[in-house]
Amino acid sequence: MMRTGRARLVWTTNFDPLIADGCAKVYGGTGQLTTVAIETGSLGRQVIDEGRWPVEVKLHGDFRSRRLKNTGDELREQNAKLRSLLIDSCGRWGLIVTGYSGRDDSIMDTLETALERDTPFPAGIFWLHRGEDPPSPRVKRLLAAAARKGVDGGPVPIENFDEVLRDLVRLAEDLDTKALDELASERRIWSPAPRPTGKRGFPVVRLNALELIETPTVCRRVGCGIGGVAEVRSAIEAADLPVLATRSRAGVLAFGSDADVRAVLSAYDIESYDLHAIEVRRLRYESQERGLLREALTRALTRTHAMTADRRRSSDLLTPASIDDAKRGPLKKLTGSLGGTVPKHPELSWREGLGIRLDWADGRLWLLLEPRTVFEGITQGNRTAATDFARERTVRRYNPALNALLSFWSTLFACPERDILALGISAGVDAAFRLDDTTAYSGRGRP
């Protein structure tokens with residue numbers, strides 16, 4: 001991205017040579033990169049004004065330098081030259097923040113000062129963060145203040161930095177990925193181990209994944225004037241129709257009967273209505289197609305097995321619709337009670353369930369299963385109580401107990417010889433899945 005001018009200037013609080021090592025891979029050396037540290041602060045303004053890209057600015061110094069800003073006093077008193085340079089740069093360009101929590105007062109003070117300028121962050125400020133919880137309070141205040149000044153951006157939830165870069169590489173069509181391809185080719189791929197046979201098979205580690213041996217190959221594609229994913233979901237909720245859909249650059253991708261899909265999007269000037277091939281290559285990362293398949297598979301599992309789902313950003317939480325159902329007897333034997341309320345917190349209810357998500361490995365798509373306690377009614381005030389309760393319920397689930405739980409869920413979901421359908425419709429495009437009856441496992445590595 002540096003080589004194509006898409007990431008010309010990088011600010012980092014790290015001491016390590018990670019960026020320089022990356023440049024060495026792409027450029028064949030580090031001569032193209034200018035590294036600005038504390039003792040070379042004046043160089044930073046010169047190379048930036050002259051456009052001698054790419055530039056890396058180490059706000060806390062370099063580990064090879066004699067001057068590192070790693071003490072409390074130094075971190076509170078950011079180097080004046082680098083601070084001024086960052087403030088001025090925030091008035092010229094946008095800023096994408098990733099891998100940084102915002103708990104360093106020196107950096108946050110600088111960004112807040114930059115925001116006081118007349119035209120701060122002309123290309124926006126986007127704060128990438130992991131996990132279900134929002135960014136730190138100070139980051140939220142900064143982004144809220146930026147929004148009040150009309151600055152584009154805000155918090156952007158992500159799974160991890162690697163996946164963000166992978167998506168950006170996919171979207172940037174003119175990138176030279178030779179270095180990335182060479183890096184990938186260096187990874188050693190072990191051949192699949194044969195299934196163990198007999199009572200004394202080779203040692204294996206059981207994994208919490210079921211292979212999706214069949215997934216939908218097509219969905220409906222609709223060209224219309226609707227906005228992003230949020231607007232698509234709002235339209236489905238307003239119509240209250242059994243349609244699953246997302247938004248991509250190709251258009252609205254959907255499963256559902258033709259009449260229902262058209263009804264959901266009728267107010268948005270439908271221009272085209274066709275089929276869309278779901279390519280395998282787009283299931284290898286968190287694409288819109290993979291997200292749609294995850295939603296469809298969740299719907300198929302809950303529909304088939306009388307369960308409810310709570311959709312989260314990175315996974316879906318599934319629980320039995322009724323904990324009194326006699327069919328849940330085998331699960332109850334493994335876990336004891338299947339639901340109730342947390343002691344001293346009657347507003348906080350729980351059920352035995354599991355988290356599911358899709359992942360790609362070994363050239364195949366897998367359903368990952370994570371047995372867990374699922375809560376309803378969590379607030380900031382009772383979150384600690386929920387965490388402690390879940391820990392107490394699971395702390396003694398050693399390998400045999402976890403193996404038994406994994407066997408229960410994998411046996412329940414396995415359907416290698418029959419389809420499970422997301423919607424069960426007779427007209428239109430439905431999503432059909434088949435899951436293998438054997439979880440993934442790993443054998444001992446052999447040269």
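Trainee: How much space lies in the largest cavity?

Mentor: A cavity is a set of points on a 1 Å grid over the protein atoms alone, where a 1.4 Å probe fits but cannot get out, and its volume is the space filled by probe spheres set on those points, which are joined across faces, edges and corners. In this structure the largest cavity holds about 40 Å³ of space, and a search of the whole structure finds 1 cavity of 30 Å³ or more. Bear in mind that this is a predicted model, in which local features need pLDDT of at least 70 and side-chain atom pairs count only at pLDDT 80 or more, whereas totals for chains, interfaces and linings use all residues. Residues are numbered from 1 along each chain as its sequence is written, and side-chain values use heavy atoms, with hydrogens and water left out.

Trainee: Which residues line the largest cavity?

Mentor: A lining residue has an atom within 4 Å of a grid point; here the lining is made by E286, R290, G291, R294, S314, R357 and L358. Helix 11 and strand 15 are the elements that give two or more residues to this lining, and helix 11 gives the most, with 3 residues. By class, the lining has 1 nonpolar, 2 polar and 4 charged residues, where Ala, Val, Leu, Ile, Met, Phe, Trp, Tyr, Cys and Pro count as nonpolar, Asp, Glu, Lys and Arg as charged, and the others, Gly among them, as polar.

Trainee: How should I read a pocket, and which residues are the closest to the centre of the second largest pocket?

Mentor: Unlike a cavity, a pocket is an open set of points, with protein on both sides within 12 Å along at least five of seven lines. About 450 Å³ of space lies in the second largest pocket, and of the 20 residues that line this pocket, R312, R372, F375, I378 and R383 are the closest to its centre. Strand 16 and helix 13 (383-394) each give two or more residues to the lining, the largest share, 7 residues, coming from strand 16. The lining divides into 8 nonpolar, 5 polar and 7 charged residues.

Trainee: How many residues has the largest nonpolar core, and which of them have the most contacts inside it?

Mentor: A nonpolar core is a set of buried Ala, Val, Leu, Ile, Met, Phe, Trp, Tyr and Cys residues joined through side-chain atoms within 4.5 Å, and buried means under 20% relative accessible area, with exposed over 50% and partly exposed in between, for a 1.4 Å probe and protein chains only. The largest core here has 38 residues, and F255, L297, L367, L369, W409, F413 and F433 have the most contacts inside it. Among the elements that each supply at least two residues are strand 7 (204-214), helix 11 (288-305), strand 15 (345-361), strand 16 (364-376) and helix 14 (399-413); the largest share, 6 residues, comes from helix 11. If contact is taken as heavy atoms within 4.5 Å, then L367 touches residues including N208, L297, L301, I356, F413 and L435, with those up to four places away in sequence not counted. A second, separate core of 30 residues includes V55, L59, I107 and A146.

Trainee: Which peptide bond is cis, and what is its omega near?

Mentor: The bond from W53 to P54 is cis, with omega near 0°, and P54 lies in the loop between helix 2 (41-50) and strand 3 (55-58).

Trainee: Where does D269 lie, and is D269 buried or exposed?

Mentor: D269 lies in the loop between helix 10 (258-265) and strand 11 (272-277), and its phi is near 55°, a positive value in a residue other than glycine. D269 counts as exposed because its relative accessible area is 60%. D362, in the loop between strand 15 and strand 16, likewise has a positive phi of about 55° although it is not a glycine.

Trainee: Is S136 buried or exposed?

Mentor: S136 counts as buried, because its relative accessibility is 8%. This residue sits in the loop between strand 5 (125-130) and helix 6 (137-148), where S136 touches S101, G102 and R103, residues up to four places away in sequence being left aside.

Methods
Helix = DSSP H or I, 4+ residues; strand = E, 2+ residues; numbered from the N terminus.
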